[in-house]
Amino acid sequence: LKLEAELRTAVEQQQFYLVYQPQIDLSSDRVVGVEALLRWRHPQGESVPPFRFIPILEEMGLISPLGDWILAEACRQQRAWQLQGYTLRMAVNLSPAQFEQLDLPAKIQSIVQAAEVDPGQLELEITESLAMHNPEATIETLHRLRHMGFKIAIDDFGIGFSSLEYLLRFPLDTLKIDRAFVKDITRGRSDRAIVRALTSLCQGLGLTTIAEGVETQRQRDYIDALGATEIQGYLISPPLEPAALIQLIDNYA
Ligand code: G
Ligand code: G
Ligand code: MN
Ligand code: NA
């Protein structure tokens, strides 16, 4: 209850900010994109991780207004980087309540137009479980978003493996392999087999595959050999504030 009251204040007083985690293309070894991740600047200095407060915001019905701010802020940052000469694909996470708003595509379009960013450089991430909650409605919304030029990524992929064939009928651009499969990639034959199956499927379908949670060079080498196109993880960098992200790009490789 205390957390709920604090979150209401946090939304009113704009105590949120975004950090950005780089995504590396394995063939060029360059930063090609970033994922925007929400952070809360708690007034008492406590660090409350998003997996604790986002579900509560969702239950309180506050995630949609905040989601609009997240999109606008990510686009504003992307435009600012563009003007500095850094062209980066921007990935933004969409929550279930946000995704289910009927006017979401039009809203995203107007946010993107106001920020003067290229819709093809905005990647909208939805989780596998969100997608499968109401697959027919999801497919329709994704078609509308893609028609507007936005990219679609499926996040945390692999948990609901049984729905693989079905899920790949969704209009997608990118599949993000859940870090659970990366974690033991150097040890587990089954994880390697799953990752190989996913990357070859994506290759056949022309999808980008991003392996999440890559923490070591050995994991990177395995992931690369198994055919993923991009990696994201602590090996490259944790999520960073904008100035630090640009510093990383300037010093990279
Ligand atoms: O770095 P990390 O602790 O940021 O993220 C934890 C979880 O919170 C992830 O599952 C991530 O998808 C989710 N998350 C982080 N930022 C956002 C956001 O801006 N919007 C939504 N809907 N989820 C987010
Ligand atoms: O939206 P998603 O669930 O993919 O959010 C990414 C989450 O993964 C964030 O919480 C981010 O901080 C976290 N993360 C990013 N890179 C790594 C990593 O290399 N290892 C681990 N354990 N977590 C990571
Ligand atoms: Mn994500
Ligand atoms: Na993820």
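User: Which helix gives the most residues to the shell around ligand 1?
Analyst: This is a predicted model, and the answer rests on the residues that surround ligand 1 in it, among them Pro50, Phe51 and Ile54. Strand 2 (30-40) and helix 2 (50-59) each supply at least two residues of that shell. The element that gives the most, with three residues, is helix 2.

User: How many residues of the shell around ligand 1 are nonpolar, polar and charged?
Analyst: The shell consists of Leu37, Leu38, Pro49, Pro50, Phe51, Ile54, Ile70, Asn93, Leu94, Ser95 and Pro239. Sorted by class, these residues around ligand 1 divide into nine nonpolar, two polar and no charged.

User: Which residues come nearest to ligand 2, and how many residues of its shell are charged?
Analyst: Around ligand 2 there are 13 residues, of which Asn93, Gly213, Glu215, Gly233 and Tyr234 come nearest. Asn93 is also listed among the residues surrounding ligand 1. By class, the shell around ligand 2 has four nonpolar and four polar residues, and the number of charged residues is five.

User: How are helix 1 and helix 2 oriented to each other, roughly parallel or roughly perpendicular?
Analyst: Helix 1 (residues 2-12) packs with helix 2 at an angle of about 80°, and their axes are 10 Å apart. Their contact is made by Leu3, Glu4 and Leu7 on the side of helix 1 and by Phe53, Ile56 and Leu57 on the side of helix 2, and these residues divide into five nonpolar, no polar and one charged. Angles of 65 to 115 degrees count as roughly perpendicular, and therefore the two helices are roughly perpendicular.

User: What is the orientation of helix 3 and helix 5, and is their crossing left-handed or right-handed?
Analyst: Helix 3 (residues 63-83) and helix 5 (residues 104-115) have axes 9 Å apart and pack at an angle of about 30°. Since angles under 35 degrees count as roughly parallel, the two helices are therefore roughly parallel to each other. The crossing of helix 3 and helix 5 is right-handed.

User: Which residues of helix 5 are met by helix 3, and how many residues of the contact are charged?
Analyst: From helix 3 the contact takes in Asp68, Leu71, Ala72, Cys75, Arg76 and Arg79, and these meet Lys107, Ile108, Ile111, Val112 and Ala115 in helix 5. The residues of this contact divide into seven nonpolar and no polar, while the number of charged ones is four.

User: Is lysine 176 buried or exposed?
Analyst: Lysine 176 is placed in strand 6 (residues 174-177). Leaving aside neighbours within four places in sequence, lysine 176 is in contact with Ala153, Ile154, Asp155, Asp156, Phe157, Ile210 and Glu212. Because 26 other C-beta atoms lie within 10 Å of it, lysine 176 is buried.

User: How far apart in space are proline 43 and aspartate 178?
Analyst: Proline 43 sits in the loop between strand 2 and helix 2, and it counts as exposed because it has 11 C-beta neighbours inside 10 Å. In sequence, proline 43 and aspartate 178 are 135 residues apart, and from C-alpha to C-alpha their separation in space is 33 Å.

How values were computed
Residues are numbered from 1 along each chain as its sequence is written. Chains are lettered from A and ligands numbered from 1 in the order in which they are written. This is a predicted model: local features need pLDDT of at least 70, side-chain atom pairs count only at pLDDT 80 or more; totals for chains, interfaces and linings use all residues. Axes are lines fitted to C-alpha atoms, for helices over the stretch in contact, and angles run from 0 to 180 degrees between N-to-C directions. Helices (H or I, at least four residues) and strands (E, at least two) are DSSP runs, numbered from the N terminus. Angles under 35 degrees count as roughly parallel, over 145 as roughly antiparallel, 65 to 115 as roughly perpendicular and the rest as oblique. A crossing is left-handed if the near helix is turned anticlockwise from the far one by less than a right angle, and right-handed if clockwise. Two residues are in contact if their C-beta atoms, placed from the backbone, lie within 7 Å. Ala, Val, Leu, Ile, Met, Phe, Trp, Tyr, Cys and Pro count as nonpolar, Asp, Glu, Lys and Arg as charged, and the others, Gly among them, as polar. A residue is near a molecule or strand if its C-beta atom, placed from the backbone, lies within 6 Å of it. A residue is buried if 20 or more other C-beta atoms lie within 10 Å of its own, exposed if 12 or fewer, and partly exposed in between; C-beta atoms are placed from the backbone.
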